[in-house]
Amino acid sequence: MPTPGAADTERRLKADWAESAAYNAFYGGMRTTQLTGLALASIVVALAYRYVPDWLLLAWTITVLCEALWLKLVRRHYEKLGRRQRDAARQLRFARAQRPLWLFNAMFWGLTPLMLFHYMPTETALLAWLPVIAGGLGRTSYLASHLHTARMYLSVIAGALTLSVGVGLVSELYVPLGMIRWAMPVVLVLYLLLFARLIRVHYARNAESIDVLYQNKLLIQSLQAQTRAAKAAAEFRTSFLAGAAHDLKQPISALGIYAEWLGSEPQLVDELAPKILQATQAINTLFDSMFDLAKLDVHRIQPDLRTVQVRHLLEDLHVQYRPLAVQKGLTLRLRTVDAQLVSDPIILRRILGNLVSNAIRYTSNGGVLLAARQRGDHVLFEVWDTGIGIAADQHVIIFDEFYKVPQRGTNDGFGLGLALVRRLAELMDYPLTLRSRLARGTMFRVRVPLTLGARQGADTAAIASAGRDGAQSAASASAT
């Protein structure tokens with residue numbers, strides 16, 4: 001389940017994408033209507049030429065031309081930003097910043113009758129209303145792409161036209177038409193209702209198109225993700241099989257050599273038997289790790305939550321791995337606490353056991369410390385060693401399958417232990433961290449909550465579901 005923050009981010013990204021698509025339609029539609037707007041403005045100039053003072057008509061015309069030029073520059077700059085993928089957010093901010101321009105456009109055309117028409121004869125003024133009305137209706141085709149701008153435009157032009165009609169009635173501009181002049185307010189109301197209706201119709205059509213585009217975008221992204229996942233899975237299988245074959249070759253070859261020696265020199269049985277047993281254990285260990293990884297990949301590992309006594313768990317691990325440490329001349333020390341927690345004992349044991357085994361494998365002198373400390377509602381499990389250490393640039397890749405630290409004396413591992421640790425820790429949602437210094441040693445830390453309450457009340461099913469998601473993410477990350 002996505003977190004509330006992730007859901008909010010997703011909604012915000014979707015809203016921004018939809019608004020960008022709306023602005024794309026907005027500016028794309030404006031390109032086809034600018035010439036029409038200039039043509040309608042020229043009709044107004046032709047009708048007003050004989051009646052309106054030259055200075056006023058010239059000022060009005062210059063304003064129309066400047067506005068048309070500015071709109072063209074705005075549109076070109078918006079499209080230029082759209083051609084640069086990295087400027088998508090900047091493009092959206094730029095479009096939002098141009099809203100005052102549309103307020104001016106609505107105010108200018110709404111007040112045009114007030115500025116010019118009272119100089120004209122009544123019949124000419126009525127004719128001049130036609131391009132003003134037609135221009136407003138024509139703008140709905142692209143204004144409706146962005147509903148907020150369209151509503152703002154409608155509100156401003158409605159107020160300006162109402163003022164123009166009201167002043168025309170008060171000044172008795174339409175007196176020669178008799179009773180027809182009282183139809184002007186009715187015509188204005190009908191015009192504004194038609195304006196609003198066209199905005200709703202165009203917006204519904206554009207919104208449906210944008211929704212289809214968004215669904216197609218999600219489908220394409222899903223197909224791309226599935227393609228990448230399939231490619232990564234294929235690469236992982238190839239590397240997995242290649243690594244397994246390479247790591248199996250050494251103990252199997254050793255078994256063949258030991259068997260040949262034993263057949264030719266039976267008196268070496270006491271010397272060869274431990275080596276045969278060691279090679280057999282190595283093969284079993286590799287197969288166990290491979291099976292565990294396969295189970296994680298197909299989501300067959302389900303956490304079985306129980307009460308775990310920390311002291312008993314660490315003492316059992318100490319008994320299990322102490323002989324391995326003694327065999328290498330190392331000391332395995334133990335520090336524990338009297339605490340109990342809720343976890344899957346088998347998975348937790350496997351995580352800590354792999355860390356201890358890995359520490360012993362990569363340590364030649366000194367020792368290994370297995371420790372547990374209680375911090376608030378969590379227990380910190382730590383494995384310290386005095387081994388070869390891990391370079392900072394390898395702190396991530398050491399958790400990949402079949403990766404081995406490139407140092408002398410480490411060829412006996414299979415490169416699966418830490419991969420299992422990471423995948424199992426993600427399955428249980430246990431934070432895993434490490435600190436290391438070359439030639440000084442390494443410390444791995446696993447943070448485990450004491451109770452389910454420390455994990456926000458997650459139940460067994462939820463943990464299993466989270467584990468499956470984590471296993472999928474880990475598989476993709478490790479494959480790449």
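# Rings, strands and one threonine

User: Where does T442 sit?

Analyst: T442 has its place in strand β7, residues 441-449. Strands here are DSSP runs of E with at least two residues, and helices are runs of H or I with at least four, all numbered from the N terminus. Keep in mind that this is a predicted model, where local features need pLDDT of at least 70 and side-chain atom pairs count only at pLDDT 80 or more, while totals for chains, interfaces and linings use all residues. Residues are numbered from 1 along each chain as its sequence is written, and side-chain values use heavy atoms, with hydrogens and water left out.

User: Why is T442 called buried?

Analyst: Look at the relative accessible area: for T442 it is 5%. Buried means under 20%, exposed means over 50%, and partly exposed is in between (1.4 Å probe, protein chains only). With 5%, T442 therefore counts as buried.

User: What does T442 touch?

Analyst: Leaving out residues up to four places away in sequence, T442 touches V383, W384, D385, G389, I390, R435 and S436. A contact means heavy atoms within 4.5 Å.

User: What makes T442 and S436 a polar contact?

Analyst: Their side chains meet at 2.8 Å. The cut-off is a pair of N or O atoms within 3.5 Å; within protein, one must be able to donate a hydrogen and the other to accept it, and residues adjacent in sequence count only if both atoms are side-chain atoms. At 2.8 Å, the T442 and S436 pair is therefore inside that limit.

User: How do you know that β6 and β7 pair?

Analyst: Strands pair if DSSP finds at least two bridges between them. Strand β6 (residues 432-437) and β7 are joined by 6 bridges, so they pair, and they run antiparallel. One place to look is L434, which stands opposite F444 in β7. The two strands form a hairpin with 3 residues between them, and A439 in the turn has a positive phi of about 65°.

User: Why are W60 and F108 called stacked?

Analyst: Two numbers matter, since a pair of aromatic rings is described by the distance of the centres and the angle of the planes. Rings of Phe, Tyr and Trp (its six-membered ring) pair if their centres lie within 6.5 Å; planes under 30 degrees apart count as stacked, over 60 as edge-to-face and the rest as tilted. W60 and F108 have centres 5.6 Å apart and planes at 25°, so they are stacked. W60 lies in helix α2 (residues 54-82) and F108 in helix α4 (residues 99-116), so the pair ties together parts that are 48 residues apart in sequence.

User: What makes F104 and F108 a stacked pair too?

Analyst: F104 and F108 have 6.0 Å centre to centre and 25° between the planes, so they pass both cut-offs. They are 4 residues apart in helix α4, so about one helical turn separates them. Ring pairs link W60, F104, F108 and W109 into a cluster.

User: Why is F108 buried but F104 partly exposed?

Analyst: F108 has 8% relative accessibility, so it counts as buried. F104 has a relative accessible area of 40%, so it is partly exposed.

User: How confident is the predictor?

Analyst: The mean pLDDT of the protein is 76, and 74% of its residues reach 70 or more. pLDDT is the predictor's confidence in each residue, from 0 to 100. Confidence is highest in strand β5 (residues 378-385), at 94, and lowest in helix α12 (residues 460-479), at a mean of 38.
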